[in-house]
Amino acid sequence: MKARRVTQIIRARPTSDGAGVKLRRSIGSGAQARSDPFLLLDEFSSDDAADYIGGFPAHPHRGFETVTYMLDGHMLHEDHLGHRGDLRSGDVQWMTAGRGIIHSEMPQQTAGRMRGFQLWLNLPARDKMQPAAYRDIPAGDIPVQPLVAGGQLKLIAGQLALDGAILAGPINTDASMATDPIYADVSLPADAGFRQPLGAEHNVVLYVFEGRLEVDGLPVETHHALQLGDGDAVEVQAGAEGARFLLLAGKPLGEPVVQYGPFVMNTHKEIEQAMRDYASGQLTRADAA
């Protein structure tokens, strides 16, 4: 097996979104900070309610998927169709915006820790105008596998051959998911190594959110994303304080990406149409062309 080498290290930048929610953005923080099919990765983490209480009031999306993974806290999702998703610690919401959705994400706590991630995953041109859809995944439905070297792997999406067994996440891949996504939360004790076979056809991103990793001989601190190059295995080692990181993998689409705020399409003309549809109320009409 060929271990993947580091091709880029992206430091997560402090920013804010929604109604002033403070977060760190790595993937998507700049024009060169994308990794097809991943468009954006935000980490939100605070014990101060002032940093998150404003939440994300109603806003539109078109053309991609969002994955919200809660580590700590309580967040309520609602959309224009009346769907509600009550996310608590360990829960996941996988939302396909498709041709259009207007939704909100609002904290349901006024004190305590709010921590988690939102990932934006691109859709191929053929699927961008499909109807919007949700899947809410409770923490108890997400498999957790102990690792031989210590620690554990929690698999949200995809399949992995892990220590002689096949582990499947609740978002499993099928022919309809062109990006064949893998999304795992990996925890390692101090100085532990981790080696995971991964298909050479996938692009791979790691995001360190606790402790420190060494990858390809490079020390990587907390709040950094790593883009990895060609190969068929991921090899890392935790630092002296251990490490926790997201393992993200997906098949690249190789299509043009044109983004304007919450809309991600393939051409400027399609973005202009999305803006017109939102202004006219057509964005969320199932019978709109």
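Visitor: What should I know before we start?
Guide: Residues are numbered from 1 along each chain as its sequence is written, and side-chain values use heavy atoms, with hydrogens and water left out. The model is predicted, and local features need pLDDT of at least 70, side-chain atom pairs count only at pLDDT 80 or more, and totals for chains, interfaces and linings use all residues.

Visitor: Which side chains of β18 are buried?
Guide: F194 and Q196, which point to one face of the strand (residues 193-197). Buried means under 20% relative accessible area, exposed over 50%, and partly exposed in between, with a 1.4 Å probe and protein chains only. Strands (E, at least two residues) and helices (H or I, at least four) are DSSP runs, numbered from the N terminus.

Visitor: Which strand does β18 pair with?
Guide: With β22 (residues 233-250), in the antiparallel sense over 5 bridges. Two strands pair if DSSP finds at least two bridges between them. P197 has A233 as its bridge partner in β22.

Visitor: How many aromatic pairs are there?
Guide: The whole structure has 7 aromatic pairs. The ring centres of F194 and F245 are 6.0 Å apart and the planes stand at 70 degrees, so this pair is edge-to-face. Rings of Phe, Tyr and Trp (its six-membered ring) pair if their centres lie within 6.5 Å; planes under 30 degrees apart count as stacked, over 60 as edge-to-face and the rest as tilted.

Visitor: What does the pair of F194 and F245 tie together?
Guide: F194 is in β18 and F245 in β22, so the pair ties together parts 51 residues apart in sequence. Both F194 and F245 are buried.

Visitor: How do F263 and Y278 pair?
Guide: Edge-to-face, at 6.3 Å centre to centre with 65 degrees between the planes. F263 belongs to strand β24 (residues 263-265) and Y278 to helix α1 (residues 268-280), so parts 15 residues apart in sequence are tied together. F263 is buried at 4% relative accessible area, while Y278 is partly exposed at 38%.

Visitor: Moving on, what is the volume of the largest pocket?
Guide: About 420 Å³. Its lining has 24 residues, and D17, R25, L40, D42 and W120 lie nearest the centre. A pocket is found on a 1 Å grid over the protein atoms alone: it is an open set of points where a 1.4 Å probe fits, with protein on both sides within 12 Å along at least five of seven lines, and lining residues have an atom within 4 Å of a point. Grid points are joined across faces, edges and corners, and the volume is the space filled by probe spheres set on the points.

Visitor: Which strands give two or more residues to that lining?
Guide: For the largest pocket, β3 (21-25), β4 (38-46), β5 (56-61) and β11 (114-122).

Visitor: And the second largest pocket, what is its volume?
Guide: About 260 Å³. It is lined by 16 residues, with E65, T96, L123, Q130 and M177 closest to its centre. β12 gives the most to this lining, with 3 residues.

Visitor: Where does β12 stand in its sheet?
Guide: The open sheet of 7 strands runs β2-β3-β4-β11-β6-β9-β12, with antiparallel pairing. β2 (13-17) and β12 stand at the edges with a single partner strand each, so one side of each has no neighbour in the sheet.
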